[in-house]
Amino acid sequence: MTTTIKLSRRTLLQGAGATGLALGAGPITGFPNVIAAEPVTLRYLGTAVNQSGDIARKVKEDLGITIEYIPVVTDEVTKRVITQPNSFDIVDTEFFSLKKLIPSGNIQGMDARRIKQADNITPVFTKGEVGGRKIGDQGTAPKKVFYLEGQTGKTFAGSATEWITLIPTTYNADTLGIRPDLIKRPITSWKELLNPEFKGKAAILNIPSIGIMDAAMVIEATGDYTYPDKGNMTKAEIDRTIKLLIEAKRAGQFRAFWQDFNESVNLMASGETVIQSMWSPAVTKVRSQGVACTYQPLKEGYRAWATGFGLPKTLTGRKLDAAYDFINWFLSGWAGAYLNRQGYYSAVLDTAKTQMEPYEWAYWMEGKPAAQDIKGPDGGVLEKAGAIRDGGSFETRMGGVACWNAVMDENTYMVRKWNEFIAA
Amino acid sequence: MTDAVLATHAESPPAAAHQSLTAKTRRRRVLAYLQAAPMAFVFLVFFVVPLALTLMVSFWEYNEYEIIPAFTLQNYVDVFEGCTATTDLCTTVRTYLSTLKFCALTWAFTLVIGFTVAYFVAFHVRSKTMQMVLFLVCTIPFWTSNVIRMISWIPLLGRNGLVNDTLQGMGLISRPIEGLLYSDFSVVLAFVHLNTVFMIVPIFNSMARIDRALIEAAYDAGATGWQTLWNVVVPLAKPGIAIGSIFVVTLVMGDFVTVGVMGGQQIASVGKVIQVQMSALQLPAAAANAIVLLGAVMLMIVAMTRLIDLRKEL
């Protein structure tokens, strides 16, 4: 009996030691704190899109940490962080929300020294560059809100510091989704969204801060006006943009405004709309239903977005250690590969590459034709061999970013004008 | 009651009788208060307090991430921004007009349908068992969530939906009717579908209590079917109609989900305005809108109860 206990204890310790070494975490004992003590549960607040059961299972397997998802919509994430900062242990939120979250003082700066891959996070975030080239930084570009002055600081730092606001989880460049089978001609510009040719067959998002930027892309595409910053309009610019939207709405341009992922999929798949603002995985989903749908790159560029992990100010002790362990694990490759295979981009590309097949990497990241069938995380075939990803390689896509999802200084006024647009 | 009390105390001097009477009344009154207390408590905690908080917050200031205790009328000024202009209707008036339009249409349709169904079940179905069975059948659609009931219209009404496909297949139309979905039509359709039962139940209840002898008497006195309906049944079903109307009107006034889903998010409703402001964390602005909405709905209910004195009729 005694022997059995000893044996199992030793086996356990060996196992723990191995994992600890592999992770290199845990300052004194060499064990990650999470394994040295009771199993830890992290309450993960975020949108359902990023919360995958596969990731939770893998984390449990690798680190012994239990991830408990709290799935809510984007606005609700912000609301929870501000009003109930103790109801979660780690938050996955949009970078643009930081303009609300950081001044509230409920998010703590993350210690860059504890993030092993901190220096390898793509320069899209740290410098606003892709392949050494500057990309569009209108709106709340991540580089503007990536660093804090101090751990509990309420102001963003202009240059790199050791306090990071959010560690990127996913990001992408958004554009219009179209039904090539119903449009039957090439689409190359944002202005097509309001082209009367598609009267009653166009849609935009009913999320004011994003919808208005799509409208601004249209206005710039028509050459009517060039915004100094589409992501931070003056009142006059908001008026001008909303006026255009109201005219289009009264002329019957829009079939509907969509609010969530599935609505956008249904509108497109059923043929209610043929051109609309869309998210990349939604296009994939329409395609997986056997309906032709293209995530059309446009000459004016993309509207980009990014989400990342943040830690509540109140997180301390073992839970804090577990959160760092989880984030380090997240950046170590498996999760990155998992996300890249869904059409998102991951924060540290080098580690993700090691977890992907060369042909997968070539298709998703290098814009090369698929050497063999491309499979999704569930094993289903997404694209047949020979297909090329819409928009091409990582560098072409992210390099073509024109602006970022944003919270404007005149947000209150903008929301009021948006309600006016809906009522028109 | 009073007579009985007086009779038992007839022998005692009048002063004593008066005293014991007040003591008894007082005890009874305390008991009545105690009986009402649980409900009053629930009302206080779940209705009065939240409402008072909403009213309070509607005068507060706010920024992107916090609400600031202060006293400002700015939120109300914002609600009515542009409403003094004579050339164009302001957002709030426009939104209320749109919501009132849905209210009136839904009310009219649910009333006609609800009254007809209730009349049929109450007067044309003879057996009590059958009445109950049919009455329960009316509630079957409510076994699923109202969002599902609403969404199930979409594949039916869409551009390539069942209705358009069938009509095109029969050669009645050459191109799909766009206005079936994401239009005023689809919103009213969904509202009527969702809310008719709230008319049926109270009207049926009122009708079930109408003394059949009254209807016989009307016939005996030579009234036609329509005359009986209009002069006997309708007046006696008034309390049911009033209660049903209050249900339907308040539900439609506060709705934002049905208008959103069936209107393709393109049609304004007061509830939607509040929801957009809430999700942008502009809670004081949303509170001000909620208070204005509450005022509007209360005015409508006061007007309705002016027409029918519910207390008296019940």
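Author: Strand 5 of chain A is joined to strand 10 (residues 163-164) of chain A by 2 bridges, and the two run antiparallel. Within strand 10 of chain A, Ile164(A) is the bridge partner of Met110(A). Please keep in mind that this is a predicted model. The pair belongs to an open sheet of 3 strands in chain A, ordered 5-10-9, with antiparallel pairing. Its edge strands are strand 5 (110-111) and strand 9 (147-148) of chain A, each pairing on one side only.

Chain A also has an open sheet of 5 strands, in the order 14-13-15-12-16, and here the pairing is mixed. At its edges sit strand 14 (254-258) and strand 16 (294-296) of chain A, and each pairs on one side only. On average, neighbouring strands of this sheet are turned by 25° against each other, direction ignored. Inside that order, strand 12 (residues 176-178) of chain A and strand 15 (residues 275-277) of chain A run antiparallel and are joined by 3 bridges.

The contact between the chains takes 30 residues from chain A and 25 residues from chain B. On the side of chain A that touches chain B, two or more residues come from each of helix 4 (74-83), helix 5 (98-104), strand 14 and helix 17 (411-423) of chain A. Helix 17 of chain A gives the most, with 9 residues. By kind, this side of chain A divides into 11 nonpolar, 10 polar and 9 charged residues.

Conventions. Residues are numbered from 1 along each chain as its sequence is written. Chains are lettered from A and ligands numbered from 1 in the order in which they are written. This is a predicted model: local features need pLDDT of at least 70, side-chain atom pairs count only at pLDDT 80 or more; totals for chains, interfaces and linings use all residues. Two strands pair if DSSP finds at least two bridges between them. Helices (H or I, at least four residues) and strands (E, at least two) are DSSP runs, numbered from the N terminus. Axes are lines fitted to C-alpha atoms, for helices over the stretch in contact, and angles run from 0 to 180 degrees between N-to-C directions. Two residues are in contact if their C-beta atoms, placed from the backbone, lie within 7 Å. Ala, Val, Leu, Ile, Met, Phe, Trp, Tyr, Cys and Pro count as nonpolar, Asp, Glu, Lys and Arg as charged, and the others, Gly among them, as polar.
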